[in-house]
Every structure is written in structure tokens, then in C-alpha cells.
Amino acid sequence: MINIEILLREESRNASSKAIVQAKLHELGFEITGILSASISAKISEAHFVKVFGRSAQAEDPRPLAASDFGSLGGYAGQELPLPPGLDQYVESMTIPPPVTLF
Amino acid sequence: MPDNNELLKIAISFRGANNDLGLTKFPARMRADLIQEFKPNPQKVSQTIVALQEKGFEITGSGDLTMSVRGYKENFEQHFGTQLELREYSSDAGLVTEDSFYYPPDEANWNADHFLKEFIDEPYIQWPHILMGQRFPSVRPSLFPPRVDYHHLRVPGDVVLTLNAAKVHKEGITGKGVRVAMIDTGFNFDHPYFQEGGFNATSILAPGATDPELDNNGHGTAESANLLAVAPGVSFIGVKLSNETNPRASASILEGFQEALSHNPKIITVSMGYDLALKNAQRSHLTSLPNTYKALEAEIVNAVSKGIIVIFAAGNGHVAFPGRMPEVLSIGGAYVQENGTVRASDYASSFLSKIYPGRRVPDFSGLVGLARNNAQYLMLPLQPGCKIDRNDSDGTGQDDGWAVISGTSAAAPQIAGVCALLLEKDPHLTSTDLRSILRRTSLNVTLGEGSSASNGGVAIPETSTLNGPTGAGLVDAYAALRQL
């Protein structure tokens with residue numbers, strides 16, 4: 001599953017807009033994992049990702065321990081995604097967060 | 001490799017008598033008060049059992065909500081209307097019972113017999129078991145750390161003394177009543193160090209994470225020992241991000257952050273982040289925050305505005321985010337030498353942010369080793385045989401459950417502990433209050449320099465100002481307490 005972070009527009013940071021966005025995401029095959037004040041977190045399978053965005057996400061394996069840190073958790077290369085139709089009215093950006101580094 | 005005559009292990013979930021959705025279709029987290037709705041009609045369960053037996057399946061067990069069934073690949077494909085493929089399987093979490101098994105392709109549809117589809121929510125082929133612990137030594141780690149022949153600090157005693165928290169403890173202040181969430185790889189509190197400490201500590205999962213008792217990396221477990229040394233009385237909530245079975249499915253920091261928020265913590269401390277340097281020789285700094293990080297930025301700002309103290313590691317030569325956000329307490333590193341003198345750690349980041357004008361990183365510092373020693377400085381407990389334990393350069397065993405490490409990862413939870421001590425004394429302290437108190441009471445550091453990697457190849461030398469590579473210096477818990 002690919003982690004997706006959805007930043008809402010300022011004017012959409014309310015319950016009714018969040019419900020609309022949530023429903024649209026659900027229709028597109030996203031699994032909502034959290035709703036916060038300004039953002040929605042979701043996950044999507046690789047197959048659904050291809051259906052929605054027309055290309056694959058670039059998988060990244062966990063990075064091993066290095067000289068300056070303890071490596072990174074695995075995930076997918078961070079990138080900003082095009083907004084699926086119907087979401088641009090509510091959503092400022094939709095992104096894949098890059099794998100996090102352990103300091 | 002399994003053959004076609006090998007029985008598949010199948011779990012069946014039913015459609016509920018009062019909720020046609022079924023367990024697997026319910027979008028929210030299941031709650032105890034809702035579970036009754038998903039119990040199937042007993043008569044329908046009996047009919048399903050008969051139908052499955054007639055189709056050649058063997059019923060091996062049943063519970064209130066689900067049923068265990070075994071059946072052949074051919075039968076499964078015929079009656080559940082899907083094709084199965086052979087999958088290879090291995091896991092970092094331990095040995096697996098089978099190294100391949102039959103399973104539907106991702107996103108495969110199933111089209112069961114009409115009768116089965118009416119009562120069955122989903123049939124799931126069970127994945128091979130992971131034998132937890134099989135790769136780990138059977139001998140429990142010692143409560144006492146191994147000896148190494150170089151200068152290092154131990155938890156809890158040395159860290160408590162060096163941050164001047166022992167005097168705070170003597171006043172009966174240990175962080176009692178302060179809820180602290182730490183977001184990290186995982187938390188294995190089975191180690192005798194934690195058992196003996198009697199800490200009020202628990203591990204919970206962020207979305208996508210698995211196995212709350214495991215920490216196969218070791219980072220979260222080890223760094224949490226820093227916090228629990230300084231503030232042994234806190235209510236500690238470890239939010240695990242890692243998925244050991246499928247590392248790509250690990251939770252994001254934002255998911256960990258939202259999970260932490262749901263537990264109403266007073267402090268959230270995070271020893272991880274992102275390195276926002278360009279990949280050129282100078283490691284030039286970005287001048288604006290990419291959209292990839294803006295959701296996390298927004299939620300951190302919001303959390304701090306609601307009174308939550310958010311603490312991030314400044315990075316180990318990384319141009320770290322969110323450790324540079326003005327709203328967070330940014331924690332760098334100072335090194336206390338064997339003779340007691342204190343110098344800036346050249347392993348820890350220090351820089352002037354180009355994204356947040358005027359923001360200098362860090363605010364102040366905890367204990368971090370030196371780059372020439374690979375920052376090996378703090379003897380910390382962790383899960384025996386985990387990734388960090390297996391690193392053999394620190395003089396400890398590879399599966400003894402102890403490692404000598406450090407980094408601003410260690411410093412951030414140390415200072416989170418100091419903040420918890422102060423919040424026990426005065427629960428109304430804000431993030432601004434804490435920053436101000438800790439900056440004016442930190443031990444001024446005048447030796448050493450910061451990591452050059454975090455500052456375009458030029459190390460910031462320590463001076464007597466509050467804006468050197470250790471920020472205001474090494475945090476002094478007792479001096480801070482005396483301000484209250």
C-alpha cells in the first residue's frame with residue numbers, strides 16, 4: 001500500500017468538505033487512515049494507484065544503517081501527484097511522503 | 001513449492017445479521033460496541049457449512065464471526081470464481097512456515113457461487129505464519145550492559161546525572177501524570193532493562209504498522225530508553241511506524257502523528273525526519289518547502305497551537321525537516337568528555353534555515369557522540385538481534401540486546417524527558433515557555449563545532465552566543481526547574 005497525504009485548501013478544512021473529499025477518495029479506491037485539521041491521510045494499493053494516476057509509484061526499499069543515521073524505513077519515492085478530477089476544488093496538494101530517515 | 005493437492009487454509013467472514021457490510025467492508029476501526037452487528041445469523045451459518053462441505057471444503061473451526069476452512073486450489077478457484085497464483089514469501093520478522101503459497105493476484109475479483117456470495121463477506125487464504133523470535137537468540141538479554149573499553153554513558157544513571165536531572169528526581173519529580181508520545185520504528189519493552197524499570201509504557205500501531213511488541217530495527221526501543229531515564233514517571237506511548245513483514249507498507253510520520261494525537265499527549269517527540277538538501281557537492285539547502293511535506297507541516301503547526309509540545313531531532317548532518325520548523329523544539333547535540341568538559345558534537349546538525357527566515361537549528365542540545373567515534377556514546381537497550389544490535393562496530397555482542405549509539409535521535413527524547421519533568425511541576429507551561437526556560441538555563445558550550453554536512457560544508461564553530469551549533473547549549477534540567 002502506498003501512503004498518500006492530502007492537504008486541504010484553507011476553505012475546505014471543515015467537516016462537510018472533509019466528508020466530500022473522503023467520499024471521493026473512497027470511490028477512487030483510497031483507504032482513509034486519518035483525518036486531521038488540515039489534511040487527510042490515505043493508503044492506496046499499487047494497482048489502484050496505476051488506475052488513478054496512469055503510472056506506477058516508485059518503490060523504495062528500506063535503507064540500511066549509514067555513517068550519519070540509522071537508515072530509513074521503506075516506502076515509495078516522494079512526489080507530488082496530479083489531483084484526480086473533482087478534488088481540486090477542495091484539495092491543495094496530494095503527495096506521496098518519501099521514506100523517513102532515522103536520526 | 002505447494003502442489004495442487006495441498007490444502008489451502010481459508011478464513012471465511014460472514015455478512016452480519018444486522019449489518020450487510022460484513023467485517024472486511026467496514027471502513028472504520030472496529031469497536032467493541034459495534035461488533036455485535038457483524039455476528040451472522042446462526043441458521044445461515046449452518047447452511048453455509050453444509051454448502052461448503054458439499055463443495056468439498058473441510059470445516060476446521062468456527063467462531064462467532066468467522067470460520068476456518070480448508071480446501072483444494074481447484075475447488076477454491078471453481079467455487080469462489082477467482083484464479084490463484086503462486087507467491088514467494090519471506091520475512092525480516094522471523095522464519096516463515098512456507099516459502100511460497102497460492103493466493104489471488106492483487107486486486108483480483110472473486111465471483112462466488114450465488115449461494116455462497118449471499119452469506120459470505122470474504123474468503124481469505126491465510127498467509128504462512130511467521131515464527132516470531134526464531135531468528136533471535138533464545139537467551140534473554142542481561143539487565144546489565146556489557147563492558148566496552150571506551151568512554152560512553154549508560155542509562156539511566158549517567159544520562160540523568162549529565163543532564164542534571166538527578167537533583168530533580170530527588171525532589172520527587174519524575175514526569176508523573178505527563179503523557180508523552182514518541183513516534184518511531186517500534187518499541188520492544190520485553191528487555192529486562194524496561195521490565196526492571198517498571199515504566200508506564202505501551203506500544204501502539206500507526207496505520208500500516210504491525211506487531212506492536214516487535215522492533216526489528218531497534219531504533220525506537222533504544223531511543224525511548226533516553227526519555228524513560230530522564231523522566232521515568234511519564235505515561236509513555238510509543239507509536240510504531242514499521243511494518244516488518246512488508247516494509248513499504250510502513251506508516252508515514254503524518255500517520256504516526258495523527259495516531260499520537262488521538263491519545264491526547266502533552267508532548268510528542270520524534271527522532272526521525274527528512275533531509276532537505278540538494279544532491280550536489282555542497283548539499284545546498286532548499287529555499288522553499290516542497291509540497292510533499294506541507295501536510296505534515298500544517299498538522300504540526302496545528303498541534304502546537306493547541307498546546308502540544310512537539311519536539312524533533314535536528315538531524316545528524318542532515319538539513320532536517322521538521323526539525324527546523326519554528327514551532328518545534330529542535331534538539332541538537334553536545335558531547336561531555338571523560339574529563340567533564342563539554343563540546344559541540346560535530347555529528348549533530350546546525351544551520352540557518354533558508355525555508356524559515358531567521359530560524360536557527362537547534363534550539364538547545366542533549367547528549368550526542370562525536371563523528372570520529374561514529375557517535376558511539378550511549379549504551380542503550382534494544383531488541384536482541386535487531387538491525388542496530390547486529391552492527392558489530394561498537395564492541396557489544398550482535399545479539400546481546402545492547403548497543404552503543406547516539407545521534408540527535410537520542411538527544412530529542414532526552415529533552416522530551418526534561419520537558420516532562422517541568423510539566424509535572426507546572427502543567428500550564430507552553431511550548432514557548434519551555435523554549436524560553438531551557439534556552440536561558442542551558443549550559444553554555446564554548447568548544448567544538450557542528451556538523452559541516454548540514455551547513456553547506458562549513459562547520460559552525462561554538463562560541464559563547466546562544467546561536468552556536470548546540471543552540472543555547474546543553475540542557476540543564478535542575479537549572480530549568482529552579483525557574484518555576
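Modeller: Start at B:D211. It has 20 C-beta neighbours inside 10 Å, so it counts as buried. The cut-off for burial is 20 or more, so B:D211 qualifies. This is a predicted model. B:D211 sits in the loop between β11 (200–205) and α7 of chain B. Its phi is near 55 degrees, which is a positive value in a residue other than glycine.

Follow that loop to the helix. α7(B) has 12 residues. From its first C-alpha to its last it reaches 18 Å, close to the 16 Å expected at 1.5 Å a residue. How many of the residues of α7(B) are buried? The count is 12 of the 12, so the helix is largely enclosed by the rest of the structure. Among the buried residues are B:H219, B:E223 and B:N226, along with B:L227, B:L228 and B:V230. B:G220, B:T221, B:A222, B:S224, B:A225 and B:A229 are on that list too.

Now the sheet beside it. Three strands of chain B form an open sheet in the order β9-β22-β23, with mixed pairing. The edges are β9 (153–154) and β23 of chain B, and each of them pairs on one side only. β9(B) and β22(B) run parallel and are joined by 2 bridges. B:L153 has B:L378 of β22(B) as its bridge partner. Helix α7 (residues 219–230) of chain B packs on this sheet. The helix touches β22 and β23 of chain B. Its direction makes about 115 degrees with that of β22(B).

The other pairing in the sheet is antiparallel. Strand β22 (residues 378–381) of chain B and β23(B) pair over 4 bridges. There, B:L380 stands opposite B:A403. Strand β23 (residues 402–405) of chain B has side chains going both ways. B:W402 and B:V404 point one way, B:A403 and B:I405 the other, and all are buried.

B:N374 is found between β21 and β22 of chain B. B:N374 also has a positive phi, about 55 degrees, although it is not a glycine. Is B:N374 buried or partly exposed? With 18 C-beta neighbours inside 10 Å, B:N374 counts as partly exposed.

β21 of chain B brings in another helix. In helix α12 (residues 431–441) of chain B, the buried residues are B:S431, B:L434, B:R435, B:I437, B:L438 and B:T441. An α-helix has 3.6 residues a turn, so residues three or four places apart point the same way. The cover over the buried residues of α12(B) includes β21 (364–367) and β17 (329–336) of chain B. It also includes α9 (294–305), β15 (309–313), α11 (408–425) and α13 (477–481) of chain B.

B:P322 lies in the loop between β16 (320–321) and β17 of chain B. The peptide bond from B:F321 to B:P322 is cis, with omega near 5 degrees. B:P362 lies in the loop between β20 (360–361) and β21 of chain B. The bond from B:V361 to B:P362 is cis too, and its omega is also near 5 degrees.

Now the whole chain. Chain B has 13 helices and 24 strands. Of its 484 residues, 50% count as buried. Its C-alpha atoms fill a box of roughly 85 × 50 × 45 Å along the principal axes. Among contacts in chain B with a separation of 6 or more, 74% join residues 24 or more positions apart. The domain assignment gives domain 1 (8–132) and domain 2 (153–481) of chain B. Their C-alpha centres lie 43 Å apart.

Last, the partner chain. 39 residues of chain A are in contact with 43 residues of chain B. β1(A) gives the most to the side of chain A that touches chain B, with 4 residues. That side divides into 18 nonpolar, 15 polar and 6 charged residues. Strands also pair across the two chains. β8(A) and strand β14 (residues 272–275) of chain B run antiparallel, joined by 2 bridges. In that pairing, A:L102 stands opposite B:M272.

Methods:
Residues numbered from 1 in each chain as written. Chains lettered and ligands numbered in written order. Predicted model: local features only at pLDDT ≥ 70, side-chain atom pairs only at ≥ 80, totals over all residues. Contact = placed C-beta atoms within 7 Å. Nonpolar A, V, L, I, M, F, W, Y, C, P; charged D, E, K, R; others polar. Pairing = 2+ DSSP bridges. Axes fitted to C-alpha atoms, helices over the stretch in contact; angles between N-to-C directions. Domains from an automatic or database assignment. Expected span 1.5 Å × (residues − 1).
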